[in-house]
Amino acid sequence: MTRVLKSGMNVETQLSINEAVQGTVRGIISDIRARGDDALRELSQKFDGWSPPAFRLSREQIEAAIAEVPEEVLASIRFSLEQVQTFARAQRASIHEVEIETIPGVTLGHKVLPMNSVACYVPGGRYPMIASALMSVATAKVAGVRRVVAVTPPKDGRPYPATVATMHLAGADEIYIMGGVQALAALALGTASIAPVDMLVGPGNAYVAEAKRQLFGQVGIDLLAGPTETLVIADDSVDAEMVATDLLGQAEHGLNSPAVLLTTSETLAREVVAEIERQLTVLATAEVASQAWRDYGQILLAEDDAEMVRVADEIASEHVQVLTRDPEYFLQHMTNYGSLFLGPETNVAYGDKVIGTNHILPTGRAARYTGGLWVGKYLKTVTYQRATREASVIVGRHCSVICGVEGFAGHQRQADLRVERYGKPAPVGAAD
């Protein structure tokens, strides 16, 4: 039976915060809906201190931003872009169209069509998350989306050069500098200067997540991403320094980012507690990471690998790092996770930044029913059907019976009409 060695989540506080967030977001969306660009400009000035002549960057502004980025940084961005594109192309190639004949004369199929337009939101608050541009923009382009809009808030009163460069290199067709709820509302609803999109994707803070939730239906969304989560599964084959490093590496994301250790070794668990305290004295982001660990960190002690699989699937964490003797056991047996990092040679930071899998992943136990952002999120599977006259008669008779049972007279007449017309011998010379 699993023992809890450390726990500190404050669910009630988070729920009260969410209620306040919901009201704020609702008001901003209503304002954008009513006043469009005027509201957008006022809100941008209020929240970002940013009121440019135009929110969309010109080609000259994009080129100027790229020129500010050191070549070493551009080289690493290009490396990461290549990994993301390579994996995304492989994923796209795995998705096929279908056409089959179910009975003689009845042909059913589906086509796979990219969306016409999407907006990719790239956070830029505490951390300018340039990798998010790769994860969202590059995958949309590989999927074949016609119009890919990239949007990010200003940082220190101006566009952040590395983020702009990454958006451009990833293939964004339009780049806007505006942030938060007002940006998503403007892109979902449209304004006089901004054409609306069909889908919103990308991570963000609680306000961004709530904006996506409230705008869903007006547009599609990828998923509702909450605070970053990490689960480290470990046994006594790994040392405390690596476990502590990997826990704090994700706790630094935000004050409410859960970091959980699930282990079969009580000795390791106690060593990790001490090692985390040591690392927090030297970690540059300790102010954030220490509070996240204090309030949302957990340590759970399990009896064996099988129990760790069961508990891990209950947690359904966004990131799951496996630091055990047999990482493949967890790949074969786990079912609920956003992304799995197998063995000490890889880690969540690799997935977040450069290795090629997507870092926009389900949180809040949503991994029980969905995966993260990938090429397939930008694709619609749409169906079609055709039938010969003879097949239409067969299908029509059965359809008429079911419609009669359900009481759908109009539906029944659609079926009966085909039976009446096509059940008779075709006129001489008529086409099939």
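Let us start with helix 15, which covers residues 389-406: its 18 residues should span 26 Å at 1.5 Å a residue, and the end C-alpha atoms are 25 Å apart, which agrees. The expected span here is 1.5 Å times one less than the number of residues. Helices (H or I, at least four residues) and strands (E, at least two) are DSSP runs, numbered from the N terminus. This is a predicted model, in which local features need pLDDT of at least 70, side-chain atom pairs count only at pLDDT 80 or more, and totals for chains, interfaces and linings use all residues. Residues are numbered from 1 along each chain as its sequence is written, and side-chain values use heavy atoms, with hydrogens and water left out.

After helix 15 comes Gly407, with a positive phi near 85°.

Now step back to the chain. You will find 16 helices and 14 strands in it, and its C-alpha atoms fill a box of roughly 90 × 60 × 45 Å along the principal axes. Of the 432 residues, 48% are buried. Contacts (heavy atoms within 4.5 Å) also tell us about the fold: among those with a separation of 6 or more, 74% join residues 24 or more positions apart.

Definitions and conventions: Buried < 20%, exposed > 50% of the residue type's maximum accessible area, 1.4 Å probe, protein only.
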